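Biologist: I would like to learn how to read a model like this one, feature by feature. Could we begin with confidence and then go on to strands, loops and burial?

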Amino acid sequence: MSPKDNFEPSLDQGEHASGQSSSRKPLLQTSHKMAIAIAVLAVMWMVSGRFTNPEPAAVNGVTPVDAVDGPASAQAEDNPQTRVRVSTVTSEEHVRKIAILGRIEADKAVSVRAEIPGRIAEVVVQRGARVEAGDVLVKMDPENLPALLAEARARLEQRKIAYESAQKLSKGGYSSQLNVAQAKADMEAARAQVSGMQRDMDNTTITAPLAGVVDDLPVEAGDFIDKAGAIVARVIDLTRMNAVGEVVEHDIGYIDLGGEAQVRLPDERMVSGRVSFIAKSSTALTRTFRVEVTMDVPDGSVPEGVTAELHLPLERVVAHKISPALLTLNDEGAVGVKTVNDQGVVEFHPVEMVSDATDGIWLTGLPQQARIITVGQEFVAEGQTVIPVEGELNTQKSATGLVNGEGN
């Protein structure tokens, strides 16, 4: 007996048991066929994916992958191509400069000293006074110098007479040449004594060696100078000043003697000058080299000893001038600038700052002409294709709006 034979009696038996007619058998077979058909159609729909997305037309015999891939196409619609604002900059020749801190020194500053010991009789000038060369600063008490000078002059006259007499006797044969020579030596000694006494007498009046300002007066009337060489005044010339700084060994070779330089003073004035001195040996402790910039200050308005900022020119370089706000970092932490090439691809260029200015920075490392991303650089990555929008930065539109396609 076949399985079919076994199945049908049991089915008939169940039908009879339930009190139903055997006419329901064709209806059950029809339901099974419909279920199978629906399942087959569902599988075909899931495999092909073409019931809702028609196959795109091929372009030049190639079917676009993004168009075929349904999810990728949806993602492209959600993330349109990024728009960034760019500005084209061109490199130009720039003189690299360094700024170092230094101090101001007078080009001429003389410490006036007493050349003889003695007592200060009068201080003629006051500290801070302007003087000309030869003006009297201090007078010393000559004491007995006038009397000693008079004695020395009288002795000189006596020695002259003695010498003349010795010459006459020698011509008459009454005196030897030795006596003549001795008389001449005595006369010259007396002359030297008079000269020394006259010099000491002159040195009791101390004068300014140059035109300038009396910066210091460490003595007062009545003070006693116990030895020659003591300082009684200091005079400085404020019309010619030096800005002095220390330059590191890396840059000292680029500085030209006689080259122009700028000096910033504490009151923000910029004074022009020239490099007047470059040391040939470094300071042992810091390994830096002394550099001096000489400035003409006719009005004497630059005081000595104030802090100064020396701006020294170095070599000429070809560089770009941009805003420091355009600098960014790559994944390796290198400092650089993002640009857009002719194909619309973002490029990252590591840069090196040459010098800075009040309105930007000078740097190297960019192509001769570059389209720098000025808005949106934080939203794009190297190698990404973008839509560059040329123009100046528009503060009325945010960077986010530009990237989302809202910019013009």
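The dialogue below takes these topics in turn.

Biologist: What is the mean pLDDT of the protein chain, and what share of its residues reach 70 or more?

Modeller: This is a predicted model, and a reading of it begins with pLDDT, the predictor's confidence in each residue. The mean for the protein chain is 80, with 76% of the residues at 70 or more. Over residues 1–28, however, the pLDDT is below 50, and this stretch has six contacts in the model beyond near neighbours in sequence. Residues 47–79 likewise stay under 50, with 11 contacts beyond four places in sequence.

Biologist: Which elements have the lowest and the highest mean pLDDT?

Modeller: Helix 3, residues 65–68, has the lowest mean at 34, whereas strand 12, residues 288–296, has the highest at 96.

Biologist: How many helices and strands does the protein chain have, and how much of the chain is buried?

Modeller: There are eight helices and 20 strands, and of the 408 residues in the protein chain, 31% are buried. The accessible surface comes to about 25,400 Å², and carbon and sulfur atoms account for 52% of that surface.

Biologist: How should I read a sheet, and in what order do the strands of the open sheet lie?

Modeller: The general idea is that strands of a sheet pair through backbone hydrogen bonds, in either a parallel or an antiparallel sense. Here, four strands form an open sheet in the order 6-5-3-8, with antiparallel pairing. Strand 6 (205–207) and strand 8 (224–225) are the edge strands, each of which pairs on one side only. Strand 3, residues 118–123, is joined to strand 8 by two bridges, and arginine 119 stands opposite phenylalanine 224 of strand 8.

Biologist: Which strands pair with strand 11, and over how many bridges?

Modeller: Strand 10 (residues 260–264) pairs with strand 11 (residues 270–278) in the antiparallel sense over five bridges, and glutamine 262 has serine 272 in strand 11 as its bridge partner. Five residues lie between the strands of this hairpin, and among them glutamate 268 takes a positive phi near 75 degrees. Strand 11 is also joined to strand 12 by four bridges, again antiparallel, with threonine 294 in strand 12 as the bridge partner of arginine 274.

Biologist: Where else is phi positive in a residue other than glycine?

Modeller: One case is glutamate 143, with phi near 55 degrees, which is found in the loop between strand 5 (136–140) and helix 5 (145–171). Another is arginine 287, with a positive phi of about 60 degrees, placed in the loop between strand 11 and strand 12.

Biologist: Is arginine 287 buried or exposed?

Modeller: Arginine 287 counts as exposed because its relative accessibility is 53%, and the cut-off for exposed is over 50%.

Biologist: Which residues does valine 291 contact beyond its neighbours in sequence, and is valine 291 buried or exposed?

Modeller: Valine 291, which lies in strand 12, is buried, since its relative accessible area is 0%. Leaving aside neighbours within four places in sequence, its contacts include Ala243, Ile252, Val275, Phe277 and Leu312. Valine 291 and leucine 312 are 21 residues apart in sequence, and their C-alpha atoms are 9.6 Å apart in space.

Biologist: Where is glutamine 377 found, and is this residue buried or exposed?

Modeller: Glutamine 377 is found in the loop between strand 19 (369–375) and strand 20 (387–390), and with a relative accessible area of 10% it is buried. Beyond four places in sequence, glutamine 377 is in contact with Ala325, Leu326 and Lys338. Strand 19 is itself mostly covered, with five of its seven residues buried. Strand 19 pairs with strand 1 (residues 83–90) in the antiparallel sense over six bridges, and threonine 88 stands opposite arginine 371 there.

Biologist: How many aromatic pairs does the structure hold, and which ring has the charged end of arginine 96 over it?

Modeller: A pair of aromatic rings is described by the distance of the centres and the angle of the planes. The structure holds zero such pairs. The charged end of arginine 96, however, sits over the ring of tyrosine 254, at 5.5 Å from the ring centre.

Definitions and conventions:
Residues numbered from 1 in each chain as written. Predicted model: local features only at pLDDT ≥ 70, side-chain atom pairs only at ≥ 80, totals over all residues. Heavy atoms only, no water. pLDDT = per-residue confidence, 0-100. Contact = heavy atoms within 4.5 Å. Pairing = 2+ DSSP bridges. Buried < 20%, exposed > 50% of the residue type's maximum accessible area, 1.4 Å probe, protein only. Areas by Shrake-Rupley, 256 points an atom, 1.4 Å probe, with all protein chains shown as cover. Phe/Tyr/Trp six-rings, centres within 6.5 Å; stacked < 30°, edge-to-face > 60°. Lys NZ or Arg CZ within 6 Å of the ring centre and 35° of its normal.
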